[in-house]
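Please walk me through this model in the viewer, stop by stop. At each stop, say what to select and what is there.

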Amino acid sequence: MSIQFAFAQKDSSLQFLKSIPGNFSYFTVDNLDNIYLLNNNNQLKKVNINGDSTGIFNDVRRFGTLSTIDASNPLKLLLFYKDFSTIVVLDRSLNVLNTIDFRKQGIFNVNTFAASYDNNVWIFDEGESKLKKVDDNGAVLSETVDFRILLDSVPSPTQIIDRDEYVYLYDPEKGFYIFDHYGTFKNRIPFLHWNNVDVITKDLFGFNQSTLCKYQVGSLNLIEYTLPAVFDKSLQVKTGNNKVYVLKPEGLLIFSVK
């Protein structure tokens, strides 16, 4: 299928690559072009870029409703169950390696998490208003000071991203909060109401209704791309690997970015 959807921004376009049909409720991708698809029967399937199945995990509902997945390390997939403050760790073949129960460490209010650069896990403890790094047992390795002391405006992040020596917390109502790996606050960038945010190198990406937003940290240049109609009524949109992935009720659409 050879279809090209042009952005409003000059010299930028999407080239349709392929679709993966199915009734999926959630997906994510890793840096090896593997795609993780959760279907409406709560089966998690791993497929390669060609759509070929390379692994299946059927025990998704063991810890309740799955909230999000972090696939930044293809060898260590992290499944987060917010209602039970629990992470299930899977290997590359989707076999269970470990479970991390934050409640055993007295941490009961965690809304988001991310894999850290050193193979641990970042969480934001809403109860203590602290960014914490924990190990595979849930033990706290490091933590920031209370954000209520550190910041004038305390975030309630919906996403945490660890990229290139920095940790980004995103609150749709307050924007990006940027820290270094030691937990030192660096900057706040107040881009509001973005969805499915990501950081690639030092570029911030997010979707706002029918617009893809891109901002390079340290610049004054916010670029906004008007998305084509194929993005309308999408369930989820994600950037990565020079591609844009669009989840629709009928399946996943994959585009390359030109």
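Two residues are in contact here when they have heavy atoms within 4.5 Å of each other. The model is a predicted one.

**Stop 1: Asp91**

Select Asp91, in the loop between E9 and strand E10 (96-101). Leaving aside neighbours within four places in sequence, the contacts of Asp91 are Leu75 and Leu97. Asp91 is buried but takes part in no salt bridge. Arg92 has the nearest side chain of opposite charge, and that is 7.4 Å away.

**Stop 2: the largest nonpolar core**

Now select Leu44, Leu77, Leu79 and Leu90. Within the largest nonpolar core, which has 15 residues, these four touch the most other members. Strands E4 (35-39), E8 (77-81) and E9 (86-90) each give two or more residues to this core. E8 supplies the largest share, three residues. In soluble globular proteins, nonpolar side chains tend to be buried together.

Centre the view on Leu79 and show its surroundings. Not counting residues up to four places away in sequence, Leu79 touches Leu44, Phe57, Leu66, Thr68, Ile69, Thr86, Ile87, Val88 and Leu90.

**Stop 3: Lys248**

Select Lys248, in strand E24 (residues 243-248). Lys248 is buried and has no salt bridge; Glu250, the nearest side chain of opposite charge, is 5.1 Å away. Where does the side chain of Lys248 reach? It comes to 2.9 Å from the backbone oxygen of Val230. Beyond four places in sequence, Lys248 is in contact with Val230, Phe231, Asp232, Lys233, Ser234, Leu235 and Leu253.

**Stop 4: salt bridges**

Side chains of opposite charge can pair when their charged atoms come close. The model has 12 salt bridges.

Select Lys76 and Asp136, whose side chains meet in a salt bridge at 2.9 Å, N to O. Lys76 is in the loop between strand E7 (68-70) and E8, and Asp136 is in the loop between E13 and strand E14 (140-143), so the pair ties together parts that are 60 residues apart in sequence. Lys76 is buried, at 11% relative accessibility, while Asp136 is partly exposed at 30%.

Next select Glu143 and Lys130. Their closest N and O atoms are 3.0 Å apart, in a salt bridge. This pair links strand E14, which holds Glu143, to strand E13, which holds Lys130, across 13 residues. Glu143 is partly exposed at 40% relative accessibility, and Lys130 is buried at 17%.

Then select Lys214 and Asp203, a salt bridge with closest N and O atoms 3.9 Å apart. Lys214 sits in strand E21 and Asp203 in strand E20, so parts 11 residues apart in sequence are tied together. Lys214 is partly exposed at 25%; Asp203 is buried at 16%.

To see a network, select Asp125, Glu128, Lys130, Lys132 and Glu143, which are joined by salt bridges that share partners.

**Stop 5: aromatic rings**

The count of aromatic pairs comes to 13. Select Phe124 and Phe147, a tilted pair with 5.2 Å between centres and 40° between planes. Phe124 is in strand E12 (residues 121-125) and Phe147 in helix H1 (residues 147-150), so the pair ties together parts 23 residues apart in sequence.

Tyr177 and Phe185 form another tilted pair, 6.5 Å centre to centre with 45° between the planes. Tyr177 is buried, with a relative accessible area of 1%, whereas Phe185 is partly exposed at 29%.

**Stop 6: two positive phi values**

Select Ser129, in the loop between E12 and strand E13 (130-134). Its phi is near 55°, a positive value in a residue other than glycine. Ser129 is buried, at 7% relative accessibility.

Finish at Gln209, in the loop between strand E20 (203-208) and strand E21 (211-216). Phi of Gln209 is also positive, near 55°. Gln209 is exposed, with a relative accessible area of 77%.

Technical notes
Residues are numbered from 1 along each chain as its sequence is written. This is a predicted model: local features need pLDDT of at least 70, side-chain atom pairs count only at pLDDT 80 or more; totals for chains, interfaces and linings use all residues. Side-chain values use heavy atoms; hydrogens and water are left out. Rings of Phe, Tyr and Trp (its six-membered ring) pair if their centres lie within 6.5 Å; planes under 30 degrees apart count as stacked, over 60 as edge-to-face and the rest as tilted. Helices (H or I, at least four residues) and strands (E, at least two) are DSSP runs, numbered from the N terminus. Buried means under 20% relative accessible area, exposed over 50%, partly exposed in between (1.4 Å probe, protein chains only). Lys and Arg count as positive and Asp and Glu as negative; His and the chain ends are not counted. A salt bridge is a side-chain nitrogen of Lys or Arg within 4 Å of a carboxyl oxygen of Asp or Glu. A polar contact is a pair of N or O atoms within 3.5 Å; within protein, one must be able to donate a hydrogen and the other to accept it, and residues adjacent in sequence count only if both atoms are side-chain atoms. A nonpolar core is a set of buried Ala, Val, Leu, Ile, Met, Phe, Trp, Tyr and Cys residues joined through side-chain atoms within 4.5 Å.
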